[in-house]
Amino acid sequence: MSLFVALHTLAAVIWVGGMFFAYVVLRPAVAKTLEHGPRSVLWCHTLTVFFRWVWACVIVLLVTGYGMIGAYFGGMAGAGWHIHAMQGLGLLMMLLFLHIYFAPFRRLKKAVESNDTDEAVRRVGQIRMFVGLNLVLGLLVVVIGSAGRYV
């Protein structure tokens, strides 16, 4: 159980922490220092690397989360409200990630490859909006996961 908790926590920290860094730290710095064209290229390459980690985190979160529900709680009926809330919000985050990855991110990569700066800028803005939403959800999941059983 301790290995599952540790891996689950690490995966959540990597994903949510990565979004926090990208949204709160990197985004304003990039906006102040780069023009739209290079900015879009930087985001495309940065997200390519980050999304590899998110894919790994999603797999780890699903395996460890459902593993703990089965082994520790004896199924969903034995899990508290905070586990149900974490699961629901986590699945919503994963669905948003899938949308980001397969729609605007794919279009961003194509725009960067074809040097279509206007389209790339649009896609970066779209991704920013979804990542902002996912960041809020992720922070909420962290609060629920860490404090929910005490409420």
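# Asking why: cysteines, a core and a kinked helix

Me: How many disulfides does the count come to?
Reply: Zero, in this predicted model. Cys 44 is in no disulfide, and the nearest cysteine sulfur, that of Cys 57, is 20 Å away.

Me: Why is the sulfur of Cys 57 too far for a bond?
Reply: Set the value against the cut-off. A disulfide needs the two sulfur atoms within 2.5 Å. The closest cysteine sulfur to that of Cys 57 is in Cys 44, 20 Å off, so a bond is ruled out.

Me: Okay, and what makes Cys 44 count as buried?
Reply: Buried means under 20% relative accessible area. Cys 44 comes in at 6%, so it counts as buried.

Me: Cys 57 then: buried or exposed?
Reply: Try the cut-off again: Cys 57 has 4% relative accessibility, so it goes down as buried.

Me: Where is Arg 106, and which residues is it in contact with, leaving aside neighbours within four places in sequence?
Reply: Arg 106 belongs to helix H3. Leaving those neighbours aside, it is in contact with Ile 100 and Tyr 101. As for Cys 44, its C-alpha atom is 9.5 Å from that of Arg 106, though 62 residues separate the two along the chain.

Me: Which residues touch the most other members of the largest nonpolar core?
Reply: Trp 15, Met 19, Phe 51 and Leu 108, out of 35 residues in that core. Helices H1 (2-33), H2 (36-71), H3 (81-113) and H4 (117-147) each supply at least two residues. H3 gives the largest share, ten residues.

Me: What is Phe 51 in contact with, beyond its neighbours within four places in sequence?
Reply: Phe 97, Ile 100, Tyr 101 and Phe 105.

Me: How do you know the span of H1 is close to the expected one?
Reply: Compare two numbers. H1 has 32 residues, and at 1.5 Å a residue the expected span is 46 Å; from first C-alpha to last it reaches 44 Å, which is close.

Me: Where does H1 kink?
Reply: At Leu 26, by about 40°, shortly before the proline Pro 28. Leu 26 is also one of the buried residues of H1, which include Trp 15 and Met 19. The buried residues of H1 pack against H2, H3 and H4.

How values were computed. Residues are numbered from 1 along each chain as its sequence is written. This is a predicted model: local features need pLDDT of at least 70, side-chain atom pairs count only at pLDDT 80 or more; totals for chains, interfaces and linings use all residues. Side-chain values use heavy atoms; hydrogens and water are left out. A nonpolar core is a set of buried Ala, Val, Leu, Ile, Met, Phe, Trp, Tyr and Cys residues joined through side-chain atoms within 4.5 Å. Buried means under 20% relative accessible area, exposed over 50%, partly exposed in between (1.4 Å probe, protein chains only). Contact means heavy atoms within 4.5 Å. The expected span of a helix is 1.5 Å times one less than its number of residues. The bend at a residue is the angle between axes fitted to the seven residues ending there and the seven starting there.
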